[in-house]
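Biologist: I am new to this structure and would like to learn how to read its helices. Please take me through a few features, one at a time.

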Amino acid sequence: MDDTNKKFRKPSKGQVLRWVGTLISSVLFISLLLRQDWAKTMESLANAPFWLLPVVFALYVSGMVINSLRWNLLLRAQNVTVPIIETLKLVMTGAFASNFLPSTIGGDTLRAVGLLKFNVSLTLSAASVVLDRLMNVLAMMTFLPFSFFVFGNRLELFSSGIRSLIFSEPSFVLLGMVSLTKGWTERWIIKLKNWFTRVWDIVKVWLHRPGVLVGAFVLSWLSSFVIFFGIWILARGLGMDIALYVVLGIMVLTYFISMLPISINGYGLREVAVTALYMQVGASLEQASTLAVITRFMLLLETLPGALWLSDIVTPEKKGEETT
């Protein structure tokens with residue numbers, strides 16, 4: 001009877017909300033696609049320079065490479081030596097998994113697990129992922145003034161939600177890390193308190209190395225900027241007469257909107273936001289929706305190599321665990 005109840009356990013309210021949010025957002029975006037003039041869309045794509053998509057994709061990939069360098073830098077500050085190529089693999093694998101997990105940050109849990117095969121403790125692994133994510137959020141915050149400059153008072157509705165999102169996102173990552181450990185029942189609170197104590201000991205190492213934190217922040221900013229720059233090139237190639245600062249303002253908004261835990265990896269929600277915001281600054285429905293589709297495709301395509309290494313994380317083998 002207990003097994004049956006476990007097998008048919010009702011989904012949580014959060015899971016239902018994400019599925020419903022994804023469905024509603026996807027339906028809204030599909031309705032926008034059905035309204036657009038596909039002849040104009042194909043014409044704009046045909047008139048785009050041949051180098052456009054390869055260059056934009058290269059910028060997307062470079063952003064992911066920079067992200068892996070940031071994480072590697074944070075790990076080395078803790079005397080954890082992981083080859084850069086291995087951190088790149090873990091970043092790509094985490095990004096690939098996020099395409100299917102019911103959260104935009106679900107892949108961070110896999111990243112933390114992937115470090116275990118390098119004899120890194122779960123505490124240090126989780127702390128590094130949380131700080132890595134936090135650096136990305138802080139870098140994104142520096143782009144927010146562009147949003148206010150572009151949209152002005154129209155952003156008042158977003159401000160309270162964005163503030164709560166910024167402070168809650170690291171907690172979502174922490175909860176994901178906590179869920180890795182099975183068997184926590186009555187001792188959960190005590191162990192969690194001890195875990196935070198150990199994390200603080202780890203964090204103090206980073207705090208005593210401000211140069212590492214500054215370097216990580218710079219890499220975070222650069223990784224976001226190269227992607228936004230690629231989106232600006234793509235927008236111009238699709239015929240949008242739009243300035244770079246406008247793209248910065250729009251894309252940072254869609255980043256925070258996509259992080260809201262009301263859809264799976266922001267599917268549908270991000271596309272609706274991109275289309276609506278670009279139309280507000282003068283883009284046509286065809287241009288805005290095409291940009292939304294292509295950038296989503298770029299996000300998916302750049303993570304595909306992560307599928308090759310996913311099995312290494314699911315069934316990890318620690319170094320040195322050879323048959324004796």
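Modeller: Start with helix length: the expected span of a helix is 1.5 Å times one less than its number of residues. The model is predicted, and helix α7 has 20 residues in it. From its first C-alpha to its last, α7 reaches 29 Å, close to the 28 Å expected.

Biologist: How many residues does α11 have, and what span does it reach?

Modeller: α11 has 28 residues and reaches 41 Å from its first C-alpha to its last, close to the 40 Å expected at 1.5 Å a residue. After α11 comes Gly239, with a positive phi near 95°.

Biologist: What does the secondary structure of the protein come to?

Modeller: There are 15 helices and zero strands. Of the 324 residues, 48% count as buried. Among contacts with a separation of 6 or more, 78% are accounted for by residues 24 or more positions apart.

Biologist: How are two packed helices described?

Modeller: By the angle between their axes and the distance between the axes. Take α7 (residues 122–141) and α11 (residues 210–237): they pack at an angle of about 60°, with axes 8 Å apart. That angle makes α7 oblique to α11. The crossing of the two, α7 and α11, is right-handed.

Biologist: Which residues of α7 and α11 meet?

Modeller: On the α7 side they are Leu131, Met135, Asn136, Leu138, Ala139 and Met140. They meet a set in α11 that includes Leu213, Phe217, Trp221 and Phe228. By class, the contact of α7 with α11 has ten nonpolar, four polar and no charged residues.

Biologist: Is α7 mostly covered or mostly open?

Modeller: Mostly covered, as 16 of the 20 residues in α7 are buried.

Biologist: At what angle do α4 and α11 pack?

Modeller: Helix α4 (residues 52–76) and α11 pack at about 170°, and their axes are 9 Å apart. Angles over 145 degrees count as roughly antiparallel, so α4 is roughly antiparallel to α11. The residues of this contact divide into 19 nonpolar, eight polar and one charged.

Biologist: Is Ser68 buried or exposed?

Modeller: Buried means under 20% relative accessible area. Ser68, which has its place in helix α4, counts as buried because its relative accessibility is 1%. Leaving aside neighbours within four places in sequence, Ser68 is in contact with Thr87, Leu88 and Val91.

Biologist: Where is Leu238 found, and is Leu238 buried or exposed?

Modeller: Leu238 is in the loop between α11 and α12 (244–258). With a relative accessible area of 4%, Leu238 is buried. Leu238 also shows how sequence and space can be read side by side: Leu238 and Gln287 are 49 residues apart in sequence and 6.3 Å apart in space, C-alpha to C-alpha.

Biologist: You gave a positive phi for a glycine. Which residue has a positive phi although it is not a glycine?

Modeller: Asn79 is one of them, with a phi of about 60°. Asn79 is found in the loop between α4 and α5 (84–98). Exposed means over 50%, so Asn79 counts as exposed at 71% relative accessibility.

Biologist: Where does Asn119 lie?

Modeller: Asn119 lies in the loop between α6 (106–114) and α7. Asn119 also has a positive phi of about 60° and is not a glycine. At 53% relative accessibility, Asn119 counts as exposed.

Conventions:
Residues numbered from 1 in each chain as written. Predicted model: local features only at pLDDT ≥ 70, side-chain atom pairs only at ≥ 80, totals over all residues. Heavy atoms only, no water. Axes fitted to C-alpha atoms, helices over the stretch in contact; angles between N-to-C directions. Helix = DSSP H or I, 4+ residues; strand = E, 2+ residues; numbered from the N terminus. Parallel < 35°, antiparallel > 145°, perpendicular 65-115°, else oblique. Left-handed = near helix turned anticlockwise from the far one by under 90°. Contact = heavy atoms within 4.5 Å. Nonpolar A, V, L, I, M, F, W, Y, C, P; charged D, E, K, R; others polar. Buried < 20%, exposed > 50% of the residue type's maximum accessible area, 1.4 Å probe, protein only.
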